[in-house]
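Biologist: I have the sequence and the model open side by side. Could we go through some of it one question at a time?

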Amino acid sequence: MKLVVVGGGIAGLAAAHRAVEVAHERGMALDLTVVEARDRLGGTIATERAGGFLIEAGPDSFLSEKPWALALCQRLGVEDRLARTDDRFRKVFVWRAGRLHALPDGFQLLAPTQLRPFLTSRIFSWPGKLRMALDLVLPRGVADDESLGAFVRRRLGAEALEWVAQPLVAGIYTADPDDLSLAATMPRFLELEKRERSLILALWRAGRKAPQAGTSGARWSLFVTFKDGMEEFVTTLAARLPAGAALLKHRVTGLERRGAGWRIASDAGGPLDADRVIVTTESHVAARLLRYVDPALVMLLAEIPYASSATVSFGYRRADVPHALDGFGFVVPRAEGRALLACTFSSVKYPGRAPEGHVLLRCFVGGALNEAILELDDAALVARCRDELRQAMGVTAEPVLVRVYRWPAAMPQYHVGHLARVEAIERCVAALPGLGLAGGAYRGVGIADCVRSAEAAAERALQNQ
């Protein structure tokens with residue numbers, strides 16, 4: 001069987017690898033091609049080494065609580081190459097009123113689960129704390145899907161949204177919480193409300209039943225990375241593909257049905273014919289490629305919005321950073337009016353990210369709420385980030401390393417109604433034999449979600465063969 005995978009990011013590589021596995025398990029002959037427009041594989045995953053620093057251009061880790069990426073690493077035999085976070089420093093700070101305040105211990109993304117740290121926190125006012133406590137007596141909601149912003153305001157109040165939920169969510173999804181679908185992004189909280197009514201009580205009870213992810217004794221922390229950077233995931237997957245399977249610098253320009261199969265046109269050489277094709281690009285790219293195949297599908301794909309972002313990494317001498325760096329980093333509420341969305345203390349969070357006597361800080365800018373900042377050139381963006389690091393952490397020294405990576409229209413935005421749209425997309429795809437879609441646009445933006453999506457698409461492509 002001839003299979004073409006369009007896109008060589010993590011979803012494309014995971015789909016190709018799973019196809020090879022399934023073909024081997026079933027004794028099938030597989031002719032596999034992975035077509036990638038760039039001159040390298042990996043998509044947004046890229047790692048640079050310079051001056052003893054290890055800098056991630058895109059994702060710096062994956063979630064261990066979503067099992068699919070970790071399971072793939074186990075099948076690849078690279079578990080010994082994984083690194084966990086240094087959980088002595090799991091603290092996260094919130095920048096409010098010109099100062100970094102530690103998020104209270106036990107605060108689980110949206111709500112507190114420990115009383116004392118919450119009551120003594122300076123992030124929230126006393127009226128804000130009392131409003132959050134109303135969650136204990138409020139009735140359940142009735143909507144099957146609502147925005148995350150509406151959900152947090154309804155259950156916990158405006159301060160919980162403004163000072164914690166919004167900045168934490170911006171760091172994950174680069175999104176506006178008033179657009180973001182709760183059901184598509186954080187269904188756990190919707191389920192907790194339906195099952196136990198009070199979010200605070202539900203999280204407290206769940207915390208008593210099981211140890212926190214990443215606590216002492218657990219093999220893996222919540223966030224897991226590779227010792228030599230996330231690009232090791234890419235190179236490992238690529239090395240397991242058949243020789244010559246990856247075509248780089250081949251930009252696919254269109255797909256069309258050709259009899260019972262598919263024809264894939266590119267701007268490099270002649271077309272490729274395939275029995276099956278899996279498209280793992282951004283949905284807006286998939287819409288363009290399928291423009292002559294199914295107008296309804298194209299419209300649905302094009303309706304998924306995307307946000308742009310950038311990371312700006314700084315290497316400093318440790319002595320030049322006054323902050324104690326006793327946490328994983330800080331997030332910045334929109335209400336502060338800053339350019340920064342967040343800053344990760346990368347060399348604290350993961351081992352081997354900076355040479356001895358140095359630290360690596362990674363800043364995040366852009367996203368759905370502040371894409372205008374990305375109109376600045378690299379020098380202006382660096383200057384803006386340095387100024388805000390000065391205000392937040394007292395860093396005035398010249399960095400010894402600076403790197404800027406831009407990711408235009410790379411982060412899908414799961415707006416309210418996203419799951420209904422995805423179900424409609426899946427119905428359209430099911431009516432087109434031999435076509436599969438995978439990637440972060442549909443049912444999860446993280447690396448583990450992309451792996452799950454990709455492997456499912458590969459298994460469907462090879463079934464009944």
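Biologist: How many bridges join E12 to E13?

Modeller: First, this is a predicted model: local features need pLDDT of at least 70, side-chain atom pairs count only at pLDDT 80 or more, and totals for chains, interfaces and linings use all residues. Residues are numbered from 1 along each chain as its sequence is written, and side-chain values use heavy atoms, with hydrogens and water left out. Strands (E, at least two residues) and helices (H or I, at least four) are DSSP runs numbered from the N terminus, and two strands pair if DSSP finds at least two bridges between them. E12 and E13 run antiparallel, and the number of bridges joining them is 3.

Biologist: Which residue stands opposite arginine 263 in E13, and where is the positive phi in the hairpin of E12 and E13?

Modeller: In E13, the residue facing arginine 263 is aspartate 273. The hairpin of E12 and E13 has 5 residues between the strands, and a positive phi near 80 degrees is taken there by glycine 269.

Biologist: How many bridges pair E11 with E12?

Modeller: E12 covers residues 261-266. The hairpin has 2 residues between the strands, and glycine 259 takes a positive phi near 65 degrees. In the antiparallel sense, the bridges between E11 and E12 number 6.

Biologist: Is the pairing parallel or antiparallel in the sheet with the order E10-E2-E1-E14-E20?

Modeller: In this open sheet of 5 strands, E10 (246-247) and E20 are the edge strands, each pairing on one side only. E1 (residues 2-6) and E14 are joined by 4 bridges, with valine 6 opposite valine 279. The pairing in the sheet is parallel.

Biologist: To which residue's backbone nitrogen does the side chain of serine 308 reach?

Modeller: Serine 308 lies in E15 (residues 306-317) and counts as buried because its relative accessibility is 14%. Its contacts (heavy atoms within 4.5 Å), not counting residues up to four places away in sequence, include Gly366, Glu371 and Trp407. At 2.7 Å, the backbone nitrogen reached by its side chain belongs to alanine 409.

Biologist: Which helix gives the largest share of the lining of the second largest pocket?

Modeller: On a 1 Å grid over the protein atoms alone, a pocket is an open set of points with protein on both sides within 12 Å along at least five of seven lines, a cavity is a set where a 1.4 Å probe fits but cannot get out, and lining residues have an atom within 4 Å of a point. Points are joined across faces, edges and corners, and a volume is the space filled by probe spheres set on them. The second largest pocket holds about 570 Å³, and its 24 lining residues include Val429 and Arg460, which are among the closest to its centre. The largest share of the lining, 6 residues, comes from H16.

Biologist: About how much space lies in the largest cavity?

Modeller: The count is 1 cavity of 30 Å³ or more. Residues lining the largest cavity include Leu54, Asp60 and Tyr350, and the elements giving two or more residues are E4 (53-56) and E18 (358-366). The space in the largest cavity is about 50 Å³.

Definitions and conventions. Buried means under 20% relative accessible area, exposed over 50%, partly exposed in between (1.4 Å probe, protein chains only). A polar contact is a pair of N or O atoms within 3.5 Å; within protein, one must be able to donate a hydrogen and the other to accept it, and residues adjacent in sequence count only if both atoms are side-chain atoms.
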